[in-house]
Amino acid sequence: MAWTGRLITALAVCGVLLAGSAGCGSRAAQEKEQGAGTPSPVGELLEERDDEGRPYREVEEEGAPEVGVEVTPDTDGGWDVRLRIRNFRFSPDGTADRAVPGRGLAHLYVNDRLVALLRTPGHHLSAHTVRRGTHQVTVRLYADDGSVWAVGGKPVESTADITVSESSPTTAPNETERGTAAPGPAGGRGSPDRGRRAG
């Protein structure tokens with residue numbers, strides 16, 4: 001009789017384990033069907049793309065990332081770029097390639113040429129990057145999956161115009177040597193010439 005009792009107990013334990021694993025599998029399958037447990041997309045990917053072919057990721061204006069850029073000359077003939085951001089955090093290097101609300105990195109362009117990927121609000125442009133003449137320095141915000149943050153179908157970016165002259169590097173900058181584009185209320189706009197969002 002003791003042997004029969006052990007057999008019944010063993011069979012009961014096996015039955016519970018099998019039922020439990022089947023139940024877990026069913027729950028996991030149900031969650032997958034309902035979309036639970038998988039990260040929901042952030043915003044909506046648009047057909048529009050940047051010059052590198054990266055899609056715009058449209059988000060609501062309220063709470064959207066914003067960026068402003070200030071470029072000032074340094075004493076060595078280069079330029080210091082400073083970003084002012086709102087509703088945005090820089091992701092550290094090695095972050096997973098997925099969009100998270102208000103997070104990512106910035107691409108820095110000089111005259112529409114990509115010169116740096118930024119994970120901090122500051123960057124130094126050397127003198128050979130911006131030679132004599134007028135230049136447009138643009139900063140655009142990207143999600144970690146490579147998509148461009150966008151509001152109203154326009155990229156979240158800011159542009160500052162700077163003019164490099166042959167004046168001595170020790171000369172104090174005047175207004176033509178300093179470029180600034182700051183975020184305005186609810187994102188504001190970048191350079192009025194470019195009509196792009198500084199958001």
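**R103 and its surroundings**

I began with R103 in this predicted model, and, leaving aside neighbours within four places in sequence, I found R103 in contact with F88, R89, S91, T95, Y142, A143, D144 and W149. R103 is found in strand β6, which covers residues 103-110, and I noted R103 as buried because its relative accessible area is 19%, where buried means under 20%.

I then looked at the partner D144, whose side chain meets that of R103 in a salt bridge with an N to O distance of 3.3 Å. This pair links distant parts of the chain, with R103 in strand β6 and D144 in the loop between β9 and β10, 41 residues apart. Both R103 and D144 are buried.

**Other salt bridges**

My count of salt bridges came to five. Among them I looked up D145 with R57, where the closest N and O atoms are 2.5 Å apart; here D145 sits in the loop between β9 and β10 and R57 in strand β2 (residues 55-58), 88 residues apart. D145 is partly exposed, with a relative accessible area of 32%, whereas R57 counts as buried at 5%.

I also looked up R119 with D93, where the closest N and O atoms are 3.9 Å apart. R119 lies in the loop between β7 and β8 (122-125) and D93 in the loop between β5 (89-90) and β6, so this pair ties together parts that are 26 residues apart in sequence. R119 is partly exposed at 30% relative accessible area, while D93 is exposed at 69%.

**Aromatic rings**

My search of the whole structure for aromatic pairs found one. F88 counts as buried at 8% relative accessibility, and F90 counts as buried at 17%.

**Nonpolar cores**

The largest nonpolar core has 29 residues, of which V71, L83, L108, L125 and W149 touch the most other members. Strands β3 (66-73), β4 (79-86), β6, β7 (113-118), β9 (133-142), β10 and β12 (157-164) each supply at least two residues of this core. Apart from it I found another core, of seven residues, including Y56, L105, V148 and A150.

**G153**

Last, I turned to G153, which is found in the loop between β10 (148-151) and β11 (154-155) and is partly exposed, with a relative accessible area of 28%. Not counting residues up to four places away in sequence, G153 touches L46, Y56 and E58. The C-alpha atoms of G153 and V59 are separated by 9.1 Å, although these residues are 94 residues apart along the chain.

How values were computed:
Residues are numbered from 1 along each chain as its sequence is written. This is a predicted model: local features need pLDDT of at least 70, side-chain atom pairs count only at pLDDT 80 or more; totals for chains, interfaces and linings use all residues. Side-chain values use heavy atoms; hydrogens and water are left out. Rings of Phe, Tyr and Trp (its six-membered ring) pair if their centres lie within 6.5 Å; planes under 30 degrees apart count as stacked, over 60 as edge-to-face and the rest as tilted. Buried means under 20% relative accessible area, exposed over 50%, partly exposed in between (1.4 Å probe, protein chains only). Helices (H or I, at least four residues) and strands (E, at least two) are DSSP runs, numbered from the N terminus. Contact means heavy atoms within 4.5 Å. A nonpolar core is a set of buried Ala, Val, Leu, Ile, Met, Phe, Trp, Tyr and Cys residues joined through side-chain atoms within 4.5 Å. A salt bridge is a side-chain nitrogen of Lys or Arg within 4 Å of a carboxyl oxygen of Asp or Glu.
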